[in-house]
Amino acid sequence: MTARFSFGADEHIFVEVSEDMSLEAFFTSLSMTNAVRDANIPGITEICPANASFQIKFNPDQIHPDDLMTELKRLEQTAQQAEPVLNTRIIEIPVLYQDPWTHETLMRFRERHQDPDSTDIEYAARINGYDTVADFIEAHSGAPWFVSMVGFVSGLPFLYQMVDRDRQIQVPKYLRPRTDTPKLTVGYGGCFSCIYSVRGAGGYQMFGITPMPIYDPEQKIGYLQDFMVFFRPGDIVKWKPIDRAEYDDCVAQVEAGTYQPRIREVVFSLDEFNSDIDATNARLMEALNAD
Amino acid sequence: MPINVKSAGFATSIQDLGRPGYYHLGIPIGGAMDRFALRCANILVGNDEGAAGLECAFMGPELEFETDCVIAVTGAELPPKLDGEVQPTWTALPVKAGQVLTFDYLRAGARAYIAISGGIDVPEALGSRSTYAIGALGGIEGRPVQNGDALPIGKPATATAGRTIPDSLRRSIEAPAELRVVPGLYWHRITDTSGDRFFDETWKVAPEADRMGYRFAGGSPLDFVEREAPFGAGSDPSNITDACYPYGSIQVPSGAEPIILHRDAVSGGGYFMLGTVISADMDLIGQLPPNAEARFVRVNMQTALAARQQRADRLNAVRALFA
């Protein structure tokens, strides 16, 4: 993989590792951003890893753009030697699929959708070859997901499905973005799932909602007291389908301050994953479900 | 002693110079859209340049002062009035406790900045008082200013009434406004003819123009270079595998209407970008009202850095006036 470098005017350098999404591209981007961070180059103000690319923001009064470009290209070689292994965590996220709130919203924006006569999840199930929505939910929640980017707004995670490429779900975005999306909607666009951290505009298809807040600017929620944003790139997520009663129970626990997400520390190796996806996922699930 | 907001105006928010360092989590730098104007207002009233003031879009608020202080209004030409009497912009104005500040109608520009000696002293969130409404962060409870708010004011430093910034150091806004752009990022996605046309045509600021981004209309749709859609990008020719967006980057969803991301930018997404507005012209965008005409001017890095230096020189000239 040879990265493509481009200036974003006088304050940014944009680096595209690959046009296509893959975990290899993510790991290359991650190791390059780690190499940049470790290099402590004066003038760099932000380092933003993304799915298959990354971006550096810098102050050109402190480092000439051409000098920084040369330095970044040099670091590309260092990064290629990094081993694609992560000490990370796996998190169980409860999801109420086909919930009333995203349903109300998707009905309001039907004229912006490819298929105004079905719901988002019915459409996604059909174009991905699933006979029923239940089969589709089983596919969406069956294997774990890899957080390959955090961003858009306020800690929103982009999640990449950890299955063979021919089993990956793909869904187009809305024809025109909605002006409203409920907070904590579980969405889908391209090959990515996401969780909308706050209410607002959005173009991803809406499948359900999680009761678990992932952004808390007031930092009152127990597991968000250390930092207001829950996700970081490299996190692994397992969706857990829940029913309305479980959803209400989770919401009550969040409000009472007693909700604790199930989180376990794991090691993820890309080489292990590529050699046997099912065995790697089984090991991750075992770690998640261990007490 | 606070300042009472009798009427908030249209989109008035507390802003400083922003919160760098969290863009990788989708929390943008935020802060005044017109940095030069906020710095000047603070210099006029004797504050640190990065003190929090009010950013007022298109119309001003009505404020009642409970304490003596010095204020200054810069940026857009939005004439302030004290107890009904019109006052100059870009000038330090003494205010007595009990006086009421209102505004005449907008003459030019889009956003006025009000600095108050001592600065607005709301708590910092992630190192800044700037209001990021989408993420409910900063300002007062994470939201724009509302009728009935009481703005807490910090301790003023020095008395500065009478300071004024001469016309020659204020930025004038020409029509059409010229926004200088370094082509790049995903520029290769559009045809050469399309790229040339983008720079030749005159555009207009569309109604969807706010702190997150400025949309432009009136130019021709772009033609894309044929390709096989990359895995994960989406099928539209304007889609990319979701990536980071630079501040000032110009995305064109479906090739139709360009959007320039500004201080409250979304940090990433799945639309190609054809280039980036240079840092020296970001302030100017914040002064374009809807329907304002604008042209995009193709420049290289050397021009971008020279323009950045000119902008710094002008700020230094303002600083030197009162040093």
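1. Where in chain A is A:D164 found? A:D164 sits in the loop between strand 7 (156-161) and strand 8 (185-189) of chain A, where helices (H or I, at least four residues) and strands (E, at least two) are DSSP runs, numbered from the N terminus. This is a predicted model, in which local features need pLDDT of at least 70 and side-chain atom pairs count only at pLDDT 80 or more, while totals for chains, interfaces and linings use all residues. Residues are numbered from 1 along each chain as its sequence is written, chains are lettered from A and ligands numbered from 1 in the order in which they are written, and side-chain values use heavy atoms, with hydrogens and water left out.

2. With a relative accessibility of 38%, A:D164 counts as partly exposed (buried means under 20% relative accessible area, exposed over 50%, and partly exposed in between, with a 1.4 Å probe and protein chains only). Together with A:D166, A:D276 and A:D278, A:D164 belongs to a patch of negative charge on the surface (patches are made of residues with over 30% relative accessible area and no salt bridge, like charges being joined within 9 Å and nonpolar side chains, namely Val, Leu, Ile, Met, Phe, Trp and Tyr, within 5 Å).

3. A:T102, which lies in helix 3 (residues 100-108) of chain A, is buried, with a relative accessible area of 1%. Not counting residues up to four places away in sequence, A:T102 touches A:P182, A:T185, A:M206 and A:G208, contact meaning heavy atoms within 4.5 Å.

4. A:T119 is placed in the loop between helix 3 and helix 4 (120-127) of chain A, and A:T119 is also buried, at 13%. Leaving aside neighbours within four places in sequence, A:T119 is in contact with A:H103, A:L106 and A:R110.

5. Over all chains, the whole structure has 39 salt bridges (a side-chain nitrogen of Lys or Arg within 4 Å of a carboxyl oxygen of Asp or Glu). One of them joins the side chains of A:E16 and A:R4 at 3.1 Å, N to O; because A:E16 lies in strand 2 (residues 12-16) and A:R4 in strand 1 (residues 4-8) of chain A, the pair ties together parts that are 12 residues apart in sequence. A:E16 is buried at 7%, whereas A:R4 is partly exposed at 24%.

6. In chain B, B:R180 forms a salt bridge with B:D281, the closest N and O atoms being 2.8 Å apart. B:R180 is partly exposed at 25%, whereas B:D281 is buried at 4%.

Methods. Accessible areas come from the Shrake-Rupley method with a 1.4 Å probe; for residues, only the protein chains shown count as cover. Lys and Arg count as positive and Asp and Glu as negative; His and the chain ends are not counted. The place of a charge is taken as NZ of Lys, CZ of Arg, CG of Asp or CD of Glu.
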